Amino acid sequence: MISKNGRINATSWLPAFASRFTILQFELIPEIVPYSTNRAFFLLCVLLCIRVDLFAQDANDSSKVSITQKALEKGMDFITRSNRDTVLVEKAEEKFLPYAGMIIRNIEVETIGFEFSIYGRQKPIVQKVGRIANNLHTNTREKTIRQHLFIKPNRRLNPYKLGDNERFLRDQPFILESRIIVTPVDGTDSVDLTVITRDIFSIGGSVGGSIPTAPLFKVYDANVDGRAQGFELDILYDLDRSPKTGVGMAYSKSSLMGSLADFMVYYTQLNSGVSQGEEIEYSTGIMLERPLVSPYSKMAGGASWSQNWSRNVRSKPDSSFLDYKYNIMDVWTGYNFGSEKTFKDRRREFLAVRLYDGDFVNQPEQEEVMDERRYHDSKGILAEFSLYQQDFFKTQYVYGFGRTEDIPFGYNLSTTVGYINTISISRPYAGVNFNYKGASKSGSFYELTLNAASYFRSGNWEDGVLQAGGTFYTQAFSIGKYKIRNSASAFYTKLFDRVTNDWLTIQGNTIPGLRVEEVDATKRYSLGFESSLFTPWSLVGFRVAPFTSFYWAKLKCPSCENQYQNFTGISLGMRVRNENLIFGTMEIKGTYIPTDDEGKSKFAFSFRKNLRFRKSDIYVSAPDLINYN
């Protein structure tokens with residue numbers, strides 16, 4: 001580099017210097033060139049080296065941008081429905097299997113705005129609405145997306161874990177779609193990942209309740225400032241209420257500090273809290289829960305506390321108003337055995353323990369409700385051991401209108417034991433639950449359940465429950481641009497040796513618009529059938545799916561004059577959804593009931609929103625008593 005006479009040998013020096021010029025300080029120049037060397041020539045060489053390095057750096061950045069751009073285009077192609085008419089049926093891990101075991105080098109995050117539609121090119125009015133939405137909405141921040149990732153750089157690629165993370169992102173209320181694109185790095189055993197998400201317009205509002213006498217106004221944002229924070233404000237104005245105005249407020253944070261745990265705190269005067277009793281209740285509460293997001297996770301758990309009290313906002317006489325107050329504390333934790341198994345082995349064992357305490361500070365004084373367990377202290381400890389294996393496949397046109405929906409398949413066999421105290425009766429509890437979800441390559445899927453549970457006291461079994469049933473969904477058939485999906489369900493429930501359990505009832509989840517609660521029923525049979533037509537019709541981004549349903553239920557009441565009571569319902573309705581908005585799928589339904597619990601015919605309207613596949617379908621959760629109603 002420097003000759004014996006102290007002069008620089010430019011020929012040998014340039015390549016070496018170019019490779020490490022960034023650590024050379026210009027103040028060293030006099031030391032390197034102590035004699036009357038042509039310093040102009042030296043500075044020219046330095047500038048040349050800097051230019052060479054910057055060019056290489058630009059080339060690397062350009063290459064990185066090129067890889068990300070190609071991954072983004074590929075991800076957008078996966079998300080859009082414009083280039084294909086077939087219904088997606090694909091296992092969650094399928095596209096990642098060719099890269100199994102490769103090293104994850106970099107993870108890039110890209111967020112798509114509302115100018116991109118999953119349906120491809122939209123009408124000008126819809127494009128204009130999308131541009132307005134972009135101006136009002138802050139896209140989910142890169143940091144926020146990374147807080148929802150449980151895949152890490154410098155680790156081997158697990159195809160199933162990538163599929164789990166895609167699903168976990170899609171399950172967030174502020175994200176419409178997510179895809180992870182794998183790009184191999186030439187000449188290495190490494191890959192780059194690009195996480196692509198498409199936001200939902202997270203700001204929403206609605207007007208409900210009883211209009212015009214008791215309107216309920218809701219305003220909310222599920223992704224404030226793109227940080228996965230949710231705020232909701234509900235205001236009810238009811239002329240028959242005292243005071244006439246009631247409010248509800250809630251704050252939530254998804255994946256608090258990157259822990260994958262969800263946090264919420266709330267206060268409500270609108271009977272929208274836990275609400276165990278018959279009266280309108282005020283409530284305040286706080287909760288933190290970390291679900292088992294993947295079979296490769298080790299821990300799960302949660303804790304919640306709420307205080308609830310009845311308020312006589314309907315100005316009932318003191319003799320009929322149920323005055324009560326209670327607190328509920330619920331804590332659970334679980335450990336997932338086998339989380340370090342090879343990625344192809346998805347079988348796991350999960351052990352969880354739950355403690356809960358429902359403490360009535362004040363009980364109602366009316367004698368007619370003193371034998372109802374919901375107005376008594378309830379304390380217990382439960383432990384559950386589960387054997388499970390669960391995977392997911394991706395499809396469309398179940399409750400969504402072309403968006404990717406994650407359908408679980410696999411099994412869960414769990415045994416629950418515990419000790420429960422309710423209505424001053426303490427006794428052991430035991431239950432077993434078997435759940436099996438199946439799916440075919442054609443796109444049909446089904447679920448079978450079998451549950452049995454009972455208490456034990458003084459050598460006798462008490463309050464036993466047996467449940468069995470299942471639901472079947474056909475594949476989504478294509479007829480031109482239309483899609484049809486049908487479903488059928490059947491369930492059976494029986495009570496044994498009832499002591500404190502509530503009698504079996506019929507509520508809106510069995511037959512819409514029908515409530516049968518005054519029958520001392522020990523058996524219940526129910527059937528349901530539905531056919532949905534997903535249309536290409538669109539109005540400013542809102543899509544429509546009309547449907548028809550049939551329901552049948554039978555109750556057996558041994559103490560009744562007519563032991564068997566049959567009820568039916570026939571529904572016509574419509575589901576509406578704009579995949580850009582947070583509202584979810586909204587359902588308007590009218591149901592004709594030939595004979596209700598009073599022997600009269602009736603016609604009932606119902607409205608539901610945010611229909612989607614249940615979060616409880618995701619692996620395992622806290623131990624619980626069988627909910628048979």
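**Close-up views of a predicted model**

View 1. Residues are numbered from 1 along each chain as its sequence is written, and side-chain values use heavy atoms, leaving out hydrogens and water. You will find N327 in strand 12 (residues 325-337); strands (E, at least two residues) and helices (H or I, at least four) are DSSP runs numbered from the N terminus. Leaving aside residues up to four places away in sequence, N327 touches W305, S306, Q307, D357, G358, D359 and V361 (contact means heavy atoms within 4.5 Å).

**View 2. Now let us turn to helix 6.** Helix 6 covers residues 159-170. Because 11 of its 12 residues are buried, helix 6 is largely enclosed by the rest of the structure. Among these buried residues are Y160, L162, F168 and L169. The buried residues pack against helix 5 (142-147) and several strands, including strand 3 (175-184) and strand 14 (378-395).

**View 3. Next comes the start of helix 6.** Here a side-chain oxygen of N158 reaches to within 3.0 Å of the backbone nitrogen of Y160.

**View 4. Finally, step back to the whole chain.** The protein chain holds six helices and 28 strands. Of its 629 residues, 46% count as buried.

Definitions and conventions:
This is a predicted model: local features need pLDDT of at least 70, side-chain atom pairs count only at pLDDT 80 or more; totals for chains, interfaces and linings use all residues. Buried means under 20% relative accessible area, exposed over 50%, partly exposed in between (1.4 Å probe, protein chains only). The expected span of a helix is 1.5 Å times one less than its number of residues. A polar contact is a pair of N or O atoms within 3.5 Å; within protein, one must be able to donate a hydrogen and the other to accept it, and residues adjacent in sequence count only if both atoms are side-chain atoms.
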